[in-house]
Amino acid sequence: MAREKFHTLTEQMFYILLCLTKEQCGTDIMAAVSALTDGRVNVGPGTLYNLLEQFQSAGMIEETKVEGRRRSYRITAAGRQALDEEYRRLQTLAEDYRRILPEEGASL
């Protein structure tokens, strides 16, 4: 099943799906990821369009509009589930960190 391929998400994958909670085209996604992360995470066009194709094949996003070469996408229920699962996984990691290093974790 395609879902297994995305059992965990990279930062780029996570932010692309997060940005697609509203309809956006590729250039808007790249700008939104950079703005959302204050430039910490950047997605180049090659990576973006490769991931969009993979996400679409896996049913995690859908194409919503085509205007010339400009294509817009949004997240599907399957994509939202993957995003939610990754968020819960990251929360678990942070909770483990706080449990092991409570004093250091509190000062972050």
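Student: Which residues does Phe55 touch, not counting residues up to four places away in sequence?
Tutor: Bearing in mind that this is a predicted model, Phe55 touches Phe6, Met13, Ile16, Leu17, Met60 and Ile61 once residues up to four places away in sequence are set aside.

Student: And which residues have the most contacts inside the largest nonpolar core?
Tutor: That core has 24 residues, and those with the most contacts inside it are Phe55 together with Ile16, Leu17, Leu20 and Leu52. At least two of the core's residues come from each of α1 (11-19), α2 (26-36), α3 (45-57), β3 (70-75) and α4 (77-100), and α1 gives the most, with 6 residues.

Student: Switching to Thr76, is it buried or exposed?
Tutor: Thr76, which lies in the loop between β3 and α4, counts as buried because its relative accessibility is 16%, and the cut-off for buried is under 20%.

Student: What does the side chain of Thr76 reach?
Tutor: It reaches the backbone oxygen of Gly59 at 2.5 Å. Leaving aside neighbours within four places in sequence, Thr76 is in contact with Gly59, Met60, Ile61 and Glu62, and of these Met60 and Ile61 are also touched by Phe55.

Student: On to the cysteines: how many disulfides does a search of the whole structure find?
Tutor: The search finds 0 disulfides.

How values were computed:
Residues are numbered from 1 along each chain as its sequence is written. This is a predicted model: local features need pLDDT of at least 70, side-chain atom pairs count only at pLDDT 80 or more; totals for chains, interfaces and linings use all residues. Side-chain values use heavy atoms; hydrogens and water are left out. A nonpolar core is a set of buried Ala, Val, Leu, Ile, Met, Phe, Trp, Tyr and Cys residues joined through side-chain atoms within 4.5 Å. Buried means under 20% relative accessible area, exposed over 50%, partly exposed in between (1.4 Å probe, protein chains only). Helices (H or I, at least four residues) and strands (E, at least two) are DSSP runs, numbered from the N terminus. Contact means heavy atoms within 4.5 Å. A polar contact is a pair of N or O atoms within 3.5 Å; within protein, one must be able to donate a hydrogen and the other to accept it, and residues adjacent in sequence count only if both atoms are side-chain atoms. A disulfide is a pair of cysteine sulfur atoms within 2.5 Å.
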